[in-house]
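Please read them with the structure open beside you.

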Amino acid sequence: MDTKPDRISAARFSVPKSSRDFLGCRHGLAVFIKWLRETVVWDPLTGQQQRVSFPPGLGNAETDIFWVWHAAVLCVDAEDGHVHGDCFSSPFKLVLTCGGDTQASACLYESASGAWGNIASTPTTDAILRIRPSVLIRNALFWLLCEGDILAFDIESQSLDVIEKPVDAHGTDDYSFQILRINDSGLGFAVMSNLSIQLWKRSSSSDDVVGWVLQSKVIQLEGLFPQGMCSDHKKAGMVGYDEESDAIVLATYIGDFMLQLDSMRFRRISKRNCWSSKVYYPYRNFYTAGGTETLFEQPRVSERS
């Protein structure tokens with residue numbers, strides 16, 4: 001048992017050496033890809049792993065280096081009273097997606113049946129941004145593409161589509177855009193420009209036309225950061241997002257900060273005096289002393305293809 005009941009030893013979160021790409025956490029589970037065309041569902045608290053081989057027809061060993069791969073896992077335990085966390089023994093769904101020169105593809109695995117579904121594809125020349133984990137909204141998973149568009153996989157229909165980013169959303173790098181889950185059920189989009197964040201929401205008009213709507217709330221960050229921040233260092237990037245609490249992690253020269261979008265609660269989570277390329281992966285789980293919430297952090301695992 002941990003000596004501090006509200007803390008989990010950092011050693012528990014050491015990513016297995018066999019991992020090629022760490023891709024995110026959800027419902028107490030983490031997912032990464034191995035070099036041997038395997039996706040691994042991992043429980044960081046117990047160290048248990050479940051390996052799932054890639055589905056036939058989704059890429060091949062000869063062309064894997066030309067594809068950008070991503071994956072997402074979610075618990076689908078439907079029992080009354082089930083609380084996500086400690087879900088390793090529960091049924092789960094795993095979505096593996098990849099993108100090449102002209103299209104993106106995805107496939108759904110269900111642990112209950114031990115089988116992959118049909119491969120879904122959609123045309124796109126944009127690559128999946130590997131350093132950003134998926135966001136789960138209702139029955140769909142969303143991944144950020146490198147130029148800011150969004151890859152959307154409907155879990156029920158097993159269909160794949162690309163949603164274009166707002167026309168007026170302009171970013172400068174991989175840390176300028178973030179997919180959001182608004183009010184637990186809506187698709188949102190955050191755009192960082194200098195030290196301000198614009199918020200967009202995907203919604204239907206009176207004519208049932210679905211599109212992006214710019215929200216009136218624009219977040220000005222300069223007044224939130226500590227005083228004395230050098231003018232040359234007055235910039236920030238979005239390096240993590242917690243879909244459960246709707247909180248963004250912001251990286252700056254002087255450290256990392258967490259901003260909860262609804263309450264505007266702002267707190268510092270690390271200090272330094274240099275730029276960093278770390279990416280944060282929010283992680284929740286339960287253990288015998290009660291519940292805990294922590295951020296699982298690791299260095300950026302890959303460059304944009």
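1. A pocket is, on a 1 Å grid over the protein atoms alone, an open set of points with protein on both sides within 12 Å along at least five of seven lines, whereas a cavity is a set of points where a 1.4 Å probe fits but cannot get out; lining residues have an atom within 4 Å of a point. Grid points are joined across faces, edges and corners, and a volume is the space filled by probe spheres set on the points. With these terms, the second largest pocket holds about 360 Å³ of space.

2. This is a predicted model, in which local features need pLDDT of at least 70 and side-chain atom pairs count only at pLDDT 80 or more, while totals for chains, interfaces and linings use all residues. Residues are numbered from 1 along each chain as its sequence is written, and side-chain values use heavy atoms, with hydrogens and water left out.

3. The chain has 23 strands and zero helices, both being DSSP runs numbered from the N terminus (helices H or I, at least four residues; strands E, at least two). Of its 305 residues, 53% are buried, a word that stands for under 20% relative accessible area, with exposed over 50% and partly exposed in between (1.4 Å probe, protein chains only). Among the contacts with a separation of 6 or more, 46% join residues 24 or more positions apart, contact meaning heavy atoms within 4.5 Å.

4. To return to the second largest pocket, 19 residues line it, and Asp173, Tyr175, Lys235, Ala236 and Gly237 are the ones nearest its centre. The elements giving two or more residues to this lining are β15 (186-193), β18 (237-242) and β19 (247-252). The lining of the second largest pocket comprises ten polar, six nonpolar and three charged residues, where Ala, Val, Leu, Ile, Met, Phe, Trp, Tyr, Cys and Pro count as nonpolar, Asp, Glu, Lys and Arg as charged, and the others, Gly among them, as polar.

5. Two cavities of 30 Å³ or more are found in the whole structure. The second largest cavity, with a volume of about 40 Å³, is lined by Arg132, Pro133, Val135, Leu144, Gln178 and Ile179. Leucine 144, one of these residues, sits in strand β11 (residues 140-144) and is buried at a relative accessible area of 3%. Leaving aside neighbours within four places in sequence, leucine 144 is in contact with Ile128, Leu129, Arg132, Asp149, Phe177, Ile179 and Phe189; its C-alpha atom is 5.8 Å from that of leucine 129, 15 residues apart in sequence.

6. Which strand holds phenylalanine 92? Phenylalanine 92 belongs to strand β6 (residues 92-99), and it counts as buried because its relative accessibility is 3%. Beyond neighbours within four places in sequence, its contacts include Leu29, Val41, Val73, Tyr109 and Glu110.

7. Arginine 37 lies in the loop between β2 (29-34) and β3 (38-42), yet it is buried, with a relative accessible area of 17%. A polar atom of its side chain lies 3.2 Å from the backbone oxygen of leucine 58.

8. The structure holds zero disulfides, a disulfide being a pair of cysteine sulfur atoms within 2.5 Å. For cysteine 98, the nearest cysteine sulfur is that of cysteine 107, 9.7 Å away. Cysteine 98 counts as buried because its relative accessibility is 0%, and cysteine 25 is buried at 15%.

Technical notes: A polar contact is a pair of N or O atoms within 3.5 Å; within protein, one must be able to donate a hydrogen and the other to accept it, and residues adjacent in sequence count only if both atoms are side-chain atoms.
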